Protein chains: 2
Amino acid sequence: MPDGQLRVTFEPHGRAVFVLAGTKVLEAAARAGLTIDTPCGGQGTCGKCRVRLSGSVCAPAAAEREHLSDEELAAGWRLACQASICDACVVEVPDGSLFASQHRILEEARTAEASEVRPAVRKLHVELPEPSLDDETPDLLRLEVAIGPVTAGIDLLRQLGGRLREGGFAGTAVLANGSLIDFEPGDTTGACFGAAFDVGTTTIVGSLVDLTTGREAAIESAMNAQVRFGDDVLSRIKHAGSNEGLDELRATVLGVIGEILQALCRAASVGPEQVYELTFAGNTTMQHLLSGIDPTQLGHVPFVPAFGRSLTIPAAELGIAIHPRAAALIFPVIGGFVGGDTVAGMLATRLVGQDGPALMVDIGTNGEIVLAFDGQVWAASTAAGPAFEGARISAGMRATAGAIEKIVLDSDVQYSVIGDVEPFGLCGSALVDVTAGLLRSGIVAPNGRMCRPDELGESVPEGLRRRVVLGEGGQPAFVLFEDADRGGEAGGGVAVTQKDIRELQLAAGAIRAGIAVLLKQAGLSAGDLRRVLIAGGFGSFIRRSNAQRIGLLPPGLDHERIVYVGNASLSGARWALVSTKARRRAEELARLARHVELSQDANFQMEFAEAMIFPDA
Amino acid sequence: MPDGQLRVTFEPHGRAVFVLAGTKVLEAAARAGLTIDTPCGGQGTCGKCRVRLSGSVCAPAAAEREHLSDEELAAGWRLACQASICDACVVEVPDGSLFASQHRILEEARTAEASEVRPAVRKLHVELPEPSLDDETPDLLRLEVAIGPVTAGIDLLRQLGGRLREGGFAGTAVLANGSLIDFEPGDTTGACFGAAFDVGTTTIVGSLVDLTTGREAAIESAMNAQVRFGDDVLSRIKHAGSNEGLDELRATVLGVIGEILQALCRAASVGPEQVYELTFAGNTTMQHLLSGIDPTQLGHVPFVPAFGRSLTIPAAELGIAIHPRAAALIFPVIGGFVGGDTVAGMLATRLVGQDGPALMVDIGTNGEIVLAFDGQVWAASTAAGPAFEGARISAGMRATAGAIEKIVLDSDVQYSVIGDVEPFGLCGSALVDVTAGLLRSGIVAPNGRMCRPDELGESVPEGLRRRVVLGEGGQPAFVLFEDADRGGEAGGGVAVTQKDIRELQLAAGAIRAGIAVLLKQAGLSAGDLRRVLIAGGFGSFIRRSNAQRIGLLPPGLDHERIVYVGNASLSGARWALVSTKARRRAEELARLARHVELSQDANFQMEFAEAMIFPDA
């Protein structure tokens with residue numbers, strides 16, 4: 001972990017995140033994938049977002065004194081929208097403080113996960129009878145009497161005799177998928193970890209999991225350094241076809257994964273050799289690249305992946321320095337552009353088998369859409385572009401310290417920043433906020449065109465009007481702040497440009513068009529959807545009203561049925577790590593889904609053209 | 001194959017051997033593990049050993065003209081004891097010409113093998129529908145629709161897409177134990193081979209098997225070059241403990257195996273990459289050494305092997321250049337000195353489950369003894385020494401061209417030689433013959449002492465008497481021939497020395513004592529045995545009467561119940577190669593056997609002392 005980051009664990013969900021001092025509890029919870037209900041919009045006026053902190057707690061704000069008694073404050077109760085993290089702490093989130101639908105989904109998932117902590121890797125401490133003239137049982141068979149039948153690789157078998165004798169025939173057997181992968185001196189049953197990864201085109205997130213409890217021990221993320229070869233999957237596929245391109249891309253993504261693993265181990269004080277298994281959920285191209293499989297077939301019609309069911313690759317083959325006999329599970333894929341990350345998301349959200357039609361939209365560099373209804377599943381992918389992750393946006397950045405993550409436009413601009421630092425860019429959720437605000441204020445027209453300063457109507461408040469400027473090439477831009485205002489040099493600052501609005505318009509339009517095509521295939525309309533799950537690792541949650549305002553979701557959708565579920569891909573990868581049953585379910589889900597090829601769908605082209613107009617307010 | 005060797009295939013058994021021109025059919029059959037019945041002792045007088053040759057056939061001898069009509073001779077019928085091999089040919093052996101018990105055993109085994117040609121490796125030629133926009137099934141899944149669910153290693157998966165497209169989505173899938181190990185262009189289903197090995201302390205024999213039919217395509221043998229580190233397992237174990245000793249021993253045995261494989265492939269015109277699996281049956285130490293497992297624990301009490309059940313090791317890990325994803329199966333072992341070769345022998349001879357008590361004696365550098373009765377199995381090993389394989393014998397050699405393989409002592413010495421060459425040594429079966437003859441003639445006393453020339457009784461024929469000389473250190477020796485007699489230099493020649501007799505006495509005594517201990521444990525006497533199977537790769541068969549005369553087998557045993565079954569270890573390894581069911585049975589047999597530790601058995605020491613006296617005639 002970078003210096004100065006504080007560990008915050010949310011209970012009873014067992015999720016941990018690292019944040020900078022000064023981060024609001026509400027923000028930290030969002031980063032842990034927990035949506036705390038804030039009917040007042042986080043103004044501290046409704047008092048609904050009660051949480052209880054243990055450990056060091058900052059002094060309460062005025063709004064908190066209003067809603068909480070002295071006894072409650074003394075017991076650590078605070079409002080999530082007001083209280084800031086001032087030191088490592090545990091935050092208890094009562095069920096009533098969670099956004100209702102999310103509470104139900106998470107609770108279901110948590111119950112399922114807890115009852116399913118049956119990882120592929122397990123440890124058994126044994127004390128065996130020593131050999132004697134009356135008992136010359138072979139070493140491995142002697143161990144099998146205690147642990148059941150196993151296979152053992154020849155490299156371990158070469159060491160087993162020595163290990164058994166050094167430890168006086170006691171020690172800890174490490175089993176993975178029916179194989180003996182190690183025999184460790186002493187009782188090491190308490191130290192058994194795995195790591196789950198969501199491998200995105202732009203962002204990679206890793207989670208270290210204690211396999212004995214199924215709980216997360218650390219979480220880390222980093223930019224996918226492959227972006228230097230192009231920021232979308234098609235440019236990566238093209239580069240993979242060049243001389244040594246595949247090797248380069250593979251080494252790059254595995255390098256980042258290795259660094260994340262090191263950071264995870266440091267954060268949780270876990271030795272890399274105590275990490276015995278990995279799971280990887282990523283889009284089909286990312287999974288091909290990290291496995292070293294040429295993705296060329298994914299670059300042209302027909303789009304054919306190399307594999308459908310999951311793959312198991314030795315971690316050593318990936319050059320990842322964890323336990324030398326650890327394995328890596330690569331998630332099953334649905335099709336060329338609907339990959340293991342979508343399957344993992346379906347797994348985590350239990351999308352299939354819900355009452356009534358359910359939709360999942362996973363927003364990353366691509367937007368994957370899955371519709372489940374009546375035992376059938378349709379899945380599609382849209383090349384939404386990386387706008388939601390802050391890429392291709394002039395002042396865009398990932399949702400890390402220094403990113404504006406929330407923006408409110410009324411008479412002027414208000415924003416909040418991740419971490420106790422000066423802002424220097426904005427992440428996806430803020431881009432959605434500002435675009436919705438610009439649409440509402442009339443600065444941006446429904447067709448996506450930003451007014452020039454001389455075109456602004458009278459109704460636009462002065463606090464906003466003065467921020468509209470003519471930038472490069474005479475294109476208008478909306479200035480959030482200028483460095484000069486803060487004592488920095490003139491000319492710097494953060495603005496949202498016409499081009500940024502176009503990027504978002506394209507991204508949101510593609511997703512909305514995809515949703516429309518899937519609904520049509522299933523013979524449904526938006527109003528039929530009982531549940532709409534928004535997943536994505538784009539940092540903070542996207543506010544439902546703003547998501548609808550920019551046309552990310554179709555009109556006619558009941559606002560109450562939209563739930564932000566966080567990084568569902570990572571959750572699914574983590575679940576597969578702790579449950580062999582979940583792995584089998586992932587295989588089933590991947591094969592159940594029907595891959596709808598939007599790029600070849602005439603309907604989609606029409607819907608896309610239509611969706612390029614922002615909806616009316 | 002060395003130049004000048006001729007391939008002889010025996011039908012209907014499907015066994016092939018390579019012999020030099022001039023080799024008697026009887027000898028060739030013995031090398032193929034087939035004992036042809038010769039009631040007259042191979043003198044050509046009884047006419048029982050009828051066989052039919054196709055291909056080039058030598059002119060019939062006088063004895064053959066007596067017993068066979070002109071029509072029969074024209075049709076290729078000959079007497080096995082008279083006819084010589086003059087070119088590559090197929091020899092049909094009628095059931096009536098086989099030694100009765102052997103016929104039954106081989107017939108049972110052949111029937112079982114034929115009904116069990118279900119190897120772990122199989123090939124399927126497929127023609128798949130090509131991908132289209134309506135069918136974007138992933139490559140591996142597309143193949144699985146045709147061949148059923150498989151796993152595939154990442155290295156193959158990296159190539160699969162290219163292979164499928166190069167072949168227009170047609171080709172041959174190679175499956176091994178549920179894994180896809182290759183996808184070959186075209187229809188290669190006809191070319192699917194495996195190799196089985198009997199890895200002895202002194203001799204290594206390999207058999208190339210056509211996995212589509214279960215038939216042997218070639219057989220080759222070579223000296224285990226590890227002998228330069230000592231000729232018994234204990235000296236090898238000791239050397240393995242020295243600096244780099246294990247690596248040296250491993251590289252040495254694997255080097256010989258690699259050479260045998262090359263010779264097998266050359267002999268059968270098979271490409272090494274068409275060999276998809278290996279099986280290895282050897283004693284416990286050999287199996288440890290070739291697997292690269294430190295055998296130190298086998299060198300002292302308690303004698304504990306590293307593994308009991310079979311091992312599977314990638315052939316590439318063994319550095320053997322066959323198919324790059326081929327696997328090697330190492331046989332399950334019973335105990336420290338009763339290894340996979342014994343299990344393979346039990347498998348091949350179907351020792352367990354016979355009517356009444358059955359005994360198998362496998363004679364190699366060690367003598368392994370297995371007694372099966374009433375669902376129970378006792379197994380033991382004696383350090384017989386390599387005398388039966390010609391080692392530690394002054395003029396000893398393996399049963400290859402130039403070896404005297406049979407000796408008759410009456411008024412003088414008669415012998416037969418393997419191959420159409422001058423003899424230059426004698427193999428194990430000849431040593432047994434000559435020792436039995438010397439005992440009968442009184443030249444060697446029951447206590448094993450050879451008379452000096454001046455001690456010979458009047459009853460010793462002059463033709464034998466003149467052959468007894470005083471050799472090195474004043475010790476007597478029996479001269480078989482002198483080079484001077486044949487125009488060579490004086491002083492050379494082949495003799496059997498007092499020391500040679502002592503070596504054989506020790507070897508035979510150890511085995512007989514072992515048999516006595518096992519019989520005692522089972523509460524049986526020699527007369528109770530319904531079947532006694534003599535196995536061993538020592539070339540020609542050991543003549544039953546002579547084996548009893550030198551005390552290799554206990555007195556009181558019915559002569560008719562003794563059967564020579566050839567290299568049963570190799571047969572078992574071959575069977576495991578063609579039948580997964582046989583593999584499972586091998587595992588069961590290994591675990592069923594009770595390991596009797598003779599070296600620590602007081603009874604054995606007593607029996608051994610007793611068995612050191614040759615039995616009375």
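These legends walk you through several close-up views of a predicted model. Local features here need pLDDT of at least 70, side-chain atom pairs count only at pLDDT 80 or more, and totals for chains, interfaces and linings use all residues. Residues are numbered from 1 along each chain as its sequence is written, chains are lettered from A and ligands numbered from 1 in the order in which they are written, and side-chain values use heavy atoms, with hydrogens and water left out.

**View 1. Helices α7 and α8 of chain A pack against each other.** Two packed helices are described by the angle between their axes and the distance between the axes. Here α7 (residues 233–240) and α8 (residues 245–268) of chain A make an angle of about 125°, and their axes lie 7 Å apart. Helices (H or I, at least four residues) and strands (E, at least two) are DSSP runs, numbered from the N terminus. Axes are lines fitted to C-alpha atoms, for helices over the stretch in contact, and angles run from 0 to 180 degrees between N-to-C directions. That makes α7(A) and α8(A) oblique to each other; angles under 35 degrees count as roughly parallel, over 145 as roughly antiparallel, 65 to 115 as roughly perpendicular and the rest as oblique. On the α7(A) side, look for R236(A), H239(A) and A240(A), which meet G245(A), L246(A), E248(A) and L249(A) in α8(A). Contact means heavy atoms within 4.5 Å. In the loop between α7 and α8 of chain A sits E244(A), with a positive phi near 65° although this residue is not glycine.

**View 2. Six strands of chain B make an open sheet.** Follow the order β12-β11-β10-β13-β15-β14 (chain B), where the pairing is mixed. Two strands pair if DSSP finds at least two bridges between them. At the edges stand β12 (215–223) and β14 (311–314) of chain B, each with a single partner strand, so one side of each has no neighbour in the sheet. Strands β13 (residues 275–282) and β15 (residues 327–330) of chain B run parallel and are joined by 4 bridges, with L278(B) opposite A328(B). Helix α9 (residues 284–291) of chain B packs on this sheet, and its direction makes about 140° with that of β13(B).

**View 3. Four strands of chain B make an open sheet of mixed pairing.** The order is β6-β8-β9-β7 (chain B), and the edge strands β6 (121–127) and β7 (151–152) of chain B each pair on one side only. Between β7(B) and β9 (residues 179–184) of chain B there are 2 bridges, and these strands run parallel. Spot A152(B) opposite L180(B). Helix α6 (residues 154–166) of chain B packs on the sheet and touches β7 and β9 of chain B.

**View 4. A hairpin joins β19 and β20 of chain A.** The link takes 3 residues. Strands β19 (residues 403–409) and β20 (residues 413–417) of chain A run antiparallel, with 5 bridges between them, and I407(A) stands opposite Y415(A).

View 5. Most residues other than glycine have a negative phi, and most peptide bonds are trans.
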